[in-house]
Amino acid sequence: MFQADRRDVACLPINLAPPKEQAPSRLVRVPDPDRQDMQFPDIWLRDNCRCEECYLPQTLSRLPQLWNNLDTNVRVLRQSVDVDQEVFFIEWSDGHASQYPFSWLRERDFSPENRERYLSDSYRPEKKLWSGRDFERIRKVFYYEELITCDSKLQEWLHNLAVYGVALIKEAPIEMDVLRKLSNRIGFMRRTTYGDEFSVRAQPGASNYAYLAAPLPLHTDMPYFEYLPGVTMLHTLEQSESPGGVNLLTDAFFVAELMRERYPEQFRVLCQTPVDWADIGSDGDLKFHNIWRAPVINLDAEGRCVRINHSIPQRDSHFSVPLEQVRPWYEAMARFVGMAQEHSCGFKTTPGDVLTFDNLRLVHGRTGYDDTDRNVRHILGAFVDWDIVYSRLRVLRHAASPGGP
Ligand SMILES: [Fe+2]
Ligand SMILES: [Zn+2]
């Protein structure tokens, strides 16, 4: 049995070198009369045969039989093209025969341009990173009623949220079901230990630091969850008449990229030092003890930022790393926090506004405020997960252009 040593994992370099010797990739060239020839690895074509033994159209999915005993040395014996029908035929060394429509092949062409097109059109739109000083330029406003009634506006909102990580909705009614209705337009809400929706109102003896009127420093919501809520929605029911209660936002992916460029060693430290995030307590009858151990900056397999964890009150005093990693982490983190403040923007929402933002990417906070007897700042919050948002976005895009993939 293989058991990874946690310390070894934490020491892995960010850019793993590819293996030196790679198996020869046998490529099948498909002539395309309309454009540049396409190329596909033979094993990929065999794996993706469209015949009814290999593929189930009603579920749009591959059947598993081939993998009971996959011959990775399977070869093309003969190939041909029906130019009129635009179909490509292959006879295989395992006795199987396959045919592929050209339109299907074009959609899956391995050329760099096509892979890029697929990733930004169908997978996820490309993110555009911003500094606080650009906020007014990138800030997009939508209106509640148009999001409830119009699919193309809904699509535009979710697209903007994916690209910039923030979008503001105006003119929502001062009612308790606004976030539920918006969530239902996307799919469904994400429930957490604080319920479906949570109310941010200054409370003496609060169960969460956010429920105090003191300044709330920049943070991500709920870093102590492995499955972090993806999109935060904050509906302003009543705003503080005091000068405080100003929302603060920073694109922390922008800050991370700036650190990667200017302070690569501290960037590495924040990518590779696991931190213990925790929330212990209760909400109503539910007692909870949440812990998630992960770095502040989380990268994907290609080295791109995918998630930021940061919340001063919810960073545990347990810090389960070797002694020598502690001080460098504090130095790197102090840099990150300073840069996040430097690149933040501030604005004050008004009643009827719904601020929506990417909780994996942005850090948010607010300045302190004073409630009075007649004026109690009251914000309602809820979450939706990115999987549900991206899925809805693809469905909307497909409905808008049904000829597409
Ligand atoms: Fe928050
Ligand atoms: Zn087949």
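Predicted model: local features only at pLDDT ≥ 70, side-chain atom pairs only at ≥ 80, totals over all residues.
1. Next, the overall layout. The chain holds twelve helices and 21 strands. Its C-alpha atoms fill a box of roughly 85 × 55 × 45 Å along the principal axes. Of the 405 residues in the chain, 45% are buried. Among contacts with a separation of 6 or more, 74% are between residues 24 or more positions apart.

2. The chain is split into domain 1, residues 25-110, and domain 2, residues 132-398.

3. Which residues hold the zinc ion (ligand 2)? The protein donors are C49, C51 and C54, each through SG, and H96 through NE2. They lie 2.1 to 2.3 Å from the ion. The arrangement is tetrahedral because the angles between the four donor atoms run from 102 to 118°, and four donors count as tetrahedral if all angles lie between 85 and 135 degrees. For reference, the ideal angle for four tetrahedral donors is 109.5 degrees.

4. The spacing of the zinc donors along the sequence is C-x1-C-x2-C-x41-H. C54 sits in the loop between helix 2 (42-47) and strand 3 (55-56), while H96 sits in the loop between strand 6 (87-92) and strand 7 (97-101), so this pair ties together parts that are 42 residues apart in sequence. Both C54 and H96 are buried.

5. The iron ion (ligand 1) has its own set of protein donors: H219 (NE2), D221 (OD) and H364 (NE2). These lie 2.1 to 2.2 Å from the iron ion. Their spacing in sequence is H-x1-D-x142-H. H219 is in strand 11 (residues 216-219) and H364 is in strand 20 (residues 362-366), so to speak of the pair is to speak of a link between distant parts of the chain, 145 residues apart. H219 and H364 are buried.

6. Strand 19, residues 354-358, deserves a point of its own. Is it mostly covered or uncovered? It is mostly covered, with five of its five residues buried. On one side are V354, T356 and D358, on the other L355 and F357, and both of these faces are covered.

7. Strand 19 pairs with two strands named here. With strand 9 (residues 166-170) the pairing is antiparallel and uses four bridges. In that pairing, A167 has T356 of strand 19 as its bridge partner. With strand 12 (residues 231-238) the pairing is again antiparallel, over five bridges. There H235 stands opposite V354 of strand 19. Both T356 and V354 are on the covered side that also includes D358.

8. Strand 2, residues 38-41, has one covered face, made of M38 and F40, and one uncovered face, made of Q39 and P41. Strand 1 (residues 27-30) runs antiparallel to strand 2 and is joined to it by four bridges. In this pair V28 is opposite F40, and F40 belongs to the covered face of strand 2.

9. Is S131 buried or exposed? With 2% relative accessibility, S131 counts as buried, the cut-off being under 20%. Beyond its neighbours within four places in sequence, S131 is in contact with F254 and H343. With H343 there is also a polar contact, side chain to side chain, of 3.1 Å.

Definitions and conventions: Residues numbered from 1 in each chain as written. Chains lettered and ligands numbered in written order. Heavy atoms only, no water. Donors = N, O, S within 2.8 Å, 3.2 Å for Na, K, Ca; no water. Tetrahedral: all angles 85-135°; square planar, octahedral: opposite > 155°, others 65-115°. Buried < 20%, exposed > 50% of the residue type's maximum accessible area, 1.4 Å probe, protein only. Domains from an automatic or database assignment. Pairing = 2+ DSSP bridges. Polar contact = N/O pair within 3.5 Å; in protein donor to acceptor, adjacent residues only side chain to side chain. Contact = heavy atoms within 4.5 Å.
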